[in-house]
Structure formats: C-alpha cells, structure tokens
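The briefing is arranged by topic.

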Amino acid sequence: MSALRPGPTHRSPPALPDSPPVPIPAERSLSPDAAAPQTAAPPPPVPKAEKPRPKIRSTKAALTITKDAVLRLRNLLNSPTPQLIRIGVRNKGCAGLSYHLEYVEKPGKFDEVVSQDGIQVLIDSKALFSIIGSEMDWKEDSLSSKFVFKNPNIKDACGCGESFNVAS
C-alpha cells in the first residue's frame with residue numbers, strides 16, 4: 001500500500017505573545033498617484049530675530065561706602081599687590097551670621113560689583129540678600145581698625161556686635 005504523502009506545507013512561525021502583528025504588504029501597495037511628480041514641501045518659516053534682553057539695574061547701590069572706607073580701599077588697591085575685597089557672610093556667632101572679608105584678584109562669576117568713587121568692592125552672591133542696602137565704613141581707634149557695616153536688614157544681633165541675624 002502506498003502511503004500518501006501530503007505536499008509541503010508552509011507554516012509561518014508562531015507570533016510572540018508580546019509582539020504586535022506584522023502587516024504583510026499587498027502586491028499593489030502604492031497609490032495610483034505614486035507615479036505623479038512630487039512637490040517639495042514649503043520652506044520652514046524664517047526665525048524671528050531675538051530682541052536683546054534688557055539689562056536690569058537697580059536704582060540704588062547694593063552697598064554704599066563712606067569716604068573713610070573709600071580712602072582705605074584706595075590705599076589697599078595702590079599697594080604693591082593690588083587686590084579686591086569680597087564681602088560675604090558666614091554662619092558664625094551667637095546670632096547666626098558674621099561678616100567675612102577676603103582678598104581676591106578678580107570677581108567671581110556671580111559676584112555683585114559695587115563701584116563708587118573709582119574703587120570696586122565685591123559682594124558674594126550668597127551674601128547679597130543679607131547685605132543689600134548696607135553702608136560700609138572704616139573705623140580706627142586706639143585698639144583696633146576695621147571695616148564696620150550699618151545694615152538696615154538686621155533683626156537681631158549679639159551683645160558684642162560680631163554677629164547678626166536678618167530673619168524676621
């Protein structure tokens with residue numbers, strides 16, 4: 001007896017459970033207009049020229065400097081190694097903050113530059129909120145000589161006057 005052999009069967013591989021079905025293109029998948037000449041898309045719109053951003057300048061200086069302080073700062077700048085002074089604040093003392101002065105050769109990226117009477121003083125950006133509106137003075141007496149600040153933002157200060165607080 002002769003065994004019937006079935007002809008070759010074409011089986012597609014089983015679809016994976018997570019993959020979407022793959023469409024099989026028909027023989028005639030192009031539209032009837034596919035042989036028509038193509039037109040180019042319109043060019044993109046011309047970008048508008050950006051207006052330069054206005055520079056905002058405060059009408060009042062972040063810090064005012066007295067004549068005595070200007071003279072002292074000018075002497076520091078005329079020294080053999082001229083340097084700028086950067087004013088900052090640090091967490092220190094009984095009341096919380098204390099002024100910190102340091103010599104620098106050039107302004108930092110975010111330092112506020114205060115120019116008055118031909119001299120420059122730098123204010124550290126982190127200290128600007130605490131110092132803005134203050135007056136810088138130079139005081140000399142028989143025991144000491146130092147820069148002192150009259151700060152309208154101070155809400156609390158320690159008894160010795162070395163530290164302050166601006167929180168309400």
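This is a predicted model: local features need pLDDT of at least 70, side-chain atom pairs count only at pLDDT 80 or more; totals for chains, interfaces and linings use all residues.

Residues are numbered from 1 along each chain as its sequence is written, and side-chain values use heavy atoms, with hydrogens and water left out.

**Overall fold**

- The secondary structure comes to two helices and nine strands, where helices (H or I, at least four residues) and strands (E, at least two) are DSSP runs numbered from the N terminus.
- Read from the N terminus, the elements follow the order β-α-β-β-β-β-α-β-β-β-β.
- Of the 168 residues in the protein, 22% are buried; buried means under 20% relative accessible area, exposed over 50%, and partly exposed in between, with a 1.4 Å probe and protein chains only.
- Contact means heavy atoms within 4.5 Å, and among contacts between residues at least 6 apart in sequence, 51% join residues at least 24 apart.
- The protein exposes about 14,200 Å², of which carbon and sulfur atoms supply 56%; accessible areas come from the Shrake-Rupley method with a 1.4 Å probe, and for residues only the protein chains shown count as cover.

**The sheet of β1, β6 and β7**

- Three strands form an open sheet in the order β1-β6-β7, with mixed pairing; two strands pair if DSSP finds at least two bridges between them.
- Because β1 and β7 stand at the edges with a single partner strand each, one side of each is left without a neighbour in the sheet.
- The twist from one strand to the next averages 30°, with axes taken as lines fitted to C-alpha atoms, for helices over the stretch in contact, and angles running from 0 to 180 degrees between N-to-C directions.
- β1 and β6 run parallel and are joined by three bridges, and Thr64 stands opposite Glu135 in β6.
- α1 packs on the sheet, where it touches β1, β6 and β7, and its direction makes about 70° with that of β6.

**The largest nonpolar core**

- A nonpolar core is a set of buried Ala, Val, Leu, Ile, Met, Phe, Trp, Tyr and Cys residues joined through side-chain atoms within 4.5 Å.
- The largest such core has 19 residues, of which Leu63, Ile65, Leu73, Ile87, Val121 and Phe147 touch the most other members.
- At least two residues of this core come from each of β1 (63-65), α1 (67-77), β2 (84-92), β5 (119-123), β6 (134-140) and β7 (145-150), and α1 gives the most, with four residues.
- Beyond its neighbours within four places in sequence, Phe147 is in contact with Ala69, Arg72, Leu73, Ile85, Leu101, Met136, Asp137 and Trp138.

**Two buried polar residues**

- Thr66, in the loop between β1 and α1, is buried with a relative accessible area of 16%.
- The side chains of Thr66 and Asp137 are joined by a polar contact of 2.5 Å, a polar contact being a pair of N or O atoms within 3.5 Å; within protein, one must be able to donate a hydrogen and the other to accept it, and residues adjacent in sequence count only if both atoms are side-chain atoms.
- Asp111 lies in the loop between β3 (96-104) and β4 (112-116) and is buried, with a relative accessible area of 14%.
- A polar contact of 2.8 Å joins the side chain of Asp111 to that of Arg86, and a polar atom of the Asp111 side chain lies 2.8 Å from the backbone nitrogen of Gly108.
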